[in-house]
Amino acid sequence: MMNRIQTKLKEDKKLLSIYFTAGFPNLEDTASIINQLEQSGVDMIEIGLPFSDPLADGPTIQASSTQSLKNGMTTEVLFQQLKNIRETVLIPLLLMGYFNPILQYGVEAFCEKCQEVGIDGLIIPDLPVDVYVADYQKMFEAHGLLNVFLITPQTSEERIKFIDSISNGFIYMVSSSSVTGSQEGFGEEQTNYFKRIAKMQLHNAQIVGFGISNKQTFSQATAYTKGAIIGSAFIKHLTENREGTIKDFVKRILE
Amino acid sequence: MSYNVNIKGYYGEFGGAFIPEMLYPNVEELRQNYLKVMAEPEFQAEFNQLLKDYVGRPSPLYFAKRLSEVYNTRIYLKREDLNHTGAHKINNTIGQILMAKRLGKTRIIAETGAGQHGVATATVCALMGLECIVYMGEIDIARQAPNVARMKMLGATVVPALSGSKTLKDATNEAIRDWINNPVNTHYIIGSVVGPHPYPDMVARFQSVISEEIQKQLLAHEQTSKPEYVVACVGGGSNAAGAYYHFLEDTSVKLIAVEAAGHGIDSGESAATSVLGREGIIHGSKTLLMQTKDGQITEPYSISAGLDYPGVGPMHAHLFASGRAEFLAATDNEAMTAGMKLAQLEGIIPAIESAHALAVFEKKQFNPNDIVVLCLSGRGDKDLDTYINYFKL
């Protein structure tokens, strides 16, 4: 059976993926945000499992994680919130989180729960490629979970090819050398990087993340790739507005 | 069983490099080069010259006669407190700044808790004329004003870490984020035997000059290069790693690590990671760390800012798990009392970190003929305010 992510990647369109931190702004917002995002026409969702020490994230996602943990979010609570999500939501759902909370939950138990609630993929920024291959690849695959790896402008061609060879969905292309939420707009450097990777003709589609905040950056990021992920800009939107305006946010990107 | 790092960067089951891809090129560059660079004769010559002429090494191995009489054993103090900048931290920063230069880096970043590692980093950056940015928790900046001033005087920029609990672990997070944002020209000088491989091994090697000297100096004092015990305090564990290093594989030398129990192990305000921690991942390393059931890293407490870290280096996690080292914990009170005792018996005011190691003598009875080498990792000048407040001096 084809994973929902793989099916989605076959659609002839540029994909918009949205990241949000589960349990933010309020603990019980998770399911509502997911439903609204799907109804707004988003193609894919990354649900952030908050961590106390998010090394790769800038201030916006850090603050949302801190708030979410204060609100009482835990791995168990998140799985509870997602229990019935597949009754209403059809688009691919990924969980994104740092490795320690997953390790403490028990990686196998975590995978089982993901499968149970209908998660399609995982993004674990600090799970090293070699550890994944040695210890977890079989486990993830047995539970129908695609693991998504990151590449950056500094990643060597050889390593990109290796990552491509062990990926089975898409590659998360970090747009620039930075933590999340710190870029404003793309320049020639990014465009050259997007082109360079496009030329490599990888097996896996590339979806760009970090630095996409509006229609313009979404168009730039997807000119040479399959899609783009918006994280910090969406969190900022949730912080500054009411969640009722999620539709407007998505509309401004896609129109 | 080996107690050194293996080829994959692990000490037993601990260690590794659990880092986001954004850090991979930096860490990989270091991993591929650190042993090669350290083995170069010119590197060795420059490193040793600076340790001698600039740091003031070898640091004395001092037989503490009166302390020995009180505890009825033979106590030697390895006087890292007499190093330039007042602690063992400079051994590592000298090594790493030379490494950074060999790798063509022009910008140095560091994290600091109490400010000792920050000062040691700012010092070598001034020495080499390199830009220096030190991340320090906003709360630590407020409680360590003299060290902040020192760093500024040495030309460093001190950046407050405003995230999380605004202390050492958050300063480390901020330094790592800076490195992600500046992957090409910047070297991150980590201050302890923590972080992703190869940092724990590299820092341990730079600090291993401590045990190398202990062997030679003890031979001159006692006609043997082997003490019965080596004792050191452990926060992240860099002075302990240095003091143990050349004794790791010789199990006839017993190793004792003293952690900070804060207000007591069960008080909820403690930093005794070996007792309170579980295996997990912190700052890119699989090790023992203090965390919630859900894997959120918790905030430790100790009167000593240098031991106030929720993890412990992977080497120490392995020494603990394998039983190679005995782990003890000293409360604030036990450490402060031991610090005062050293001042009055030997005329040496120790850093509060080192005072935790000194508390071992109240916790464990050694034989009269035992040679106990204790790493006096730093001097107490920086802690005077804490001593004043504690003893109402």
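Modeller: R177(B) and E174(B) lie three residues apart in helix α8 (residues 168–181) of chain B, so about one helical turn separates them. Helices here are DSSP runs of H or I with at least four residues, strands are runs of E with at least two, and both are numbered from the N terminus. The model is predicted: local features need pLDDT of at least 70 and side-chain atom pairs pLDDT 80 or more, while totals for chains, interfaces and linings use all residues. Residues are numbered from 1 along each chain as its sequence is written, chains are lettered from A and ligands numbered from 1 in the order written, and side-chain values use heavy atoms, without hydrogens and water.

R177(B) and E174(B) form a salt bridge, with their closest N and O atoms 2.8 Å apart. The term means a side-chain nitrogen of Lys or Arg within 4 Å of a carboxyl oxygen of Asp or Glu. R177(B) is buried at 4% relative accessibility, and E174(B) is buried at 17%. Buried means under 20% relative accessible area, exposed over 50%, and partly exposed in between (1.4 Å probe, protein chains only).

In chain A, K161(A) and E157(A) form a salt bridge at 3.9 Å, N to O. They are four residues apart in helix α8 (residues 157–166) of chain A, which means about one helical turn. E157(A) is partly exposed, at 42%.

E21(B) and R159(A) meet in a salt bridge at 2.6 Å, N to O. E21(B) lies in the loop between β2 (14–15) and α1 (24–39) of chain B and R159(A) in helix α8 of chain A, so this pair joins two chains. E21(B) is buried at 7%, as is R159(A) at 14%.
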